[in-house]
Amino acid sequence: MLAAQDDLMDMLNDMEAEEETTDYTYATFKTVRVVNAHSIENSAEGVLTLIIAHRFGRVNSGAYDFFGLDQANMRLGFEYGVTPWLTAGIGRSNIRKTYDGFLKAKLLRQSTGKRNMPITLSYVGGMQINGQRWAEPERENFFSSRLSYLHQLLIARKFSERVSLQLMPSVVHRNLVATPEDQNDVFSLGAGGRFKISPSVTINLEYFYLLPGTTADQFENSLSLGIDIETGGHVFQLIFSNSRAMSENLFIAETDGSWGAGDIHFGFNLTRVFTVKRRK
Amino acid sequence: MKNLLFSLLACTCLAMFFPSSLLAQKYFTRSGHIQFYSHTPIEDIQADNHQVSSILNAQTGEIVFSLLMKSFQFEKALMQEHFNEKYVESHTYPKSTFTGKILKADGLDLERNGSYPVSVTGQLTLHGVTREVTTEGLFEVKDGTAKATATFVVKPADFDIAIPSVVRDNIAKEIEVRVNMNYEPM
């Protein structure tokens, strides 16, 4: 009797094998950020992601500043999944009173089976607005001077259940820079990854290498370590970084802390998803 | 008269060796529907899989099911991701299967319209663990197609599915599984 059932199951398997399907990779990262940088994860369609992020002062500021915790910087952000492949986001951070907005579009999806694709590819286009009062209001100031832009490709691959890596070639364009020697266009190559240590916890690393130029001479490469802890609809990301700011124009192009000198900022990202539009 | 007798004999012989049920003894579907439902005071969670394959051997009562765990659709995208990534671990155990037998099938005739209560028992494999499951079901036969429905309860703990403590109150200890298949002759 058992043999006959096995035959029937073989028949079923044969039937299923005839139809080859595409198996899309999912859960490359726990959430929409690696640490500071975008990950290839989007908010799902109809899902609103709220990010509350804090970066404290430098750990080496000592006990008087409670190891940096007396100086809190924050960014409040919302991201919405317009379609399964397009996310639109806005944010506001206190550093330079920055408003930022971005679009993140998924162009390729890693998959196996009928359609074989080794990587996931996304494009991020962003804009940051410096919201501070003009330093010299008496002279003629242009709104365009407040703006900077980000163009970034995210090239990611989930190598295994545990290991995902992401490359992030990026360019930050500042409309206005302080001196003629400063670069309007800052090119950098970012790399990030995660290692899953338990179903709910991953360790993330992220690095932005500034291509040689005056920016690279004056500033540090951003290096950040994160620990993602997932609890249902929340992800807590505990962060150690030499970058204080959370928008790309600042953390890629103007990181001034040095890990070697102990200029490390502790912080966290708290992400929470809200299903706005229910799936049918 | 002799000819007629011979014909009758021939027919009887044919019927003995090739009973009509043998010609259409197997029934199948590739678009069966299995739903599961978890109820807790905090929230109700439901997921639907409309791509369940099944073959039924009407003569022997043997019945097999197979489905891909990834094909369960949840209302919330993140729940679906966590279900696959953390709970049922679809990357390691992509399929769930059931091989069983219809018991108390007396009178079940898939060529005669009617309602037939049945009892099914067999081996359910889920998350790499195999357990025996017995359930009551109902066959409703209409013009050569058979609609089969059944409801039974699965305990995640029986299948070594670990639910993290933070969502333990959101996911029921006993999950109701609802089966709804429309079989056609193979």
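**Helix 3 of chain B**

I began with helix 3 of chain B, residues 77-87, and found that 9 of its 11 residues are buried, so the helix is largely enclosed by the rest of the structure. I take buried to mean under 20% relative accessible area, exposed over 50%, and partly exposed in between, with a 1.4 Å probe and protein chains only. Helices (H or I, at least four residues) and strands (E, at least two) are DSSP runs that are numbered from the N terminus.

This is a predicted model, in which local features need pLDDT of at least 70 and side-chain atom pairs count only at pLDDT 80 or more, while totals for chains, interfaces and linings use all residues. Residues are numbered from 1 along each chain as its sequence is written, chains are lettered from A and ligands numbered from 1 in the order in which they are written, and side-chain values use heavy atoms, with hydrogens and water left out.

Which residues of helix 3 of chain B are buried? I listed B:Ala77, B:Gln80, B:Glu81, B:His82, B:Phe83, B:Asn84, B:Glu85, B:Lys86 and B:Tyr87. These buried residues pack against strand 10 and strand 12 of chain A, together with strand 1 (26-39) and strand 4 (73-74) of chain B, where contact means heavy atoms within 4.5 Å. Just after the helix, I noted that B:Glu89 takes a positive phi of about 50°.

**Chain B as a whole**

I then stepped back to chain B, which holds 3 helices and 9 strands, arranged from the N terminus on as α-α-β-β-β-β-α-β-β-β-β-β. Of its 186 residues, 44% count as buried. Among the contacts in chain B with a separation of 6 or more, 59% come from residues 24 or more positions apart. Chain B exposes about 9,900 Å², with carbon and sulfur atoms supplying 58% of that area; accessible areas come from the Shrake-Rupley method with a 1.4 Å probe, and for residues only the protein chains shown count as cover.

**Where the chains meet**

How many residues does each chain bring to the contact? I found 31 residues from chain A and 37 residues from chain B. In chain A, A:Leu8, A:Tyr26 and A:Arg279 lose the most area to chain B, together 23% of what that side buries. The area buried between the two chains is about 3,000 Å², of which carbon and sulfur atoms give 59%; buried area is the accessible area (1.4 Å probe) that two parts lose on being put together, summed over both.

Across this interface the rule finds 4 salt bridges, a salt bridge being a side-chain nitrogen of Lys or Arg within 4 Å of a carboxyl oxygen of Asp or Glu. One of the salt bridges that I looked up joins the side chains of A:Lys30 and B:Glu85 at 3.5 Å, N to O, and B:Glu85 is also among the buried residues of helix 3 of chain B.

**The barrel of chain A**

In chain A, 12 strands close into a barrel in the order 2-3-4-5-7-8-9-10-11-12-13-14, with antiparallel pairing. Neighbouring strands of this sheet are turned by 20° against each other on average, direction ignored. Two strands pair if DSSP finds at least two bridges between them.

I followed part of the barrel strand by strand:

- Strand 7 (residues 120-130) and strand 8 (residues 147-158) of chain A pair over 10 bridges in the antiparallel sense, and A:Met127 stands opposite A:Tyr149 in strand 8.
- Strand 8 and strand 9 (residues 163-174) of chain A pair over 9 bridges and form a hairpin with 4 residues between them; the bridge partner of A:His151 is A:Val171 in strand 9.
- Strand 9 is joined to strand 10 (residues 185-198) of chain A by 11 bridges, with A:Ser164 opposite A:Arg194 in strand 10.
- Strand 10 and strand 11 (residues 201-210) of chain A pair over 10 bridges and form a hairpin with 2 residues between them.
- Strand 12 (residues 222-231) and strand 13 (residues 234-241) of chain A are joined by 8 bridges, and A:Thr231 has A:His234 as its bridge partner.

**One residue, A:Ala53**

Not counting residues up to four places away in sequence, A:Ala53 touches A:Asn73, A:Met74, A:Arg75, A:Met246, A:Phe268 and A:Asn269.

How values were computed: Axes are lines fitted to C-alpha atoms, for helices over the stretch in contact, and angles run from 0 to 180 degrees between N-to-C directions.
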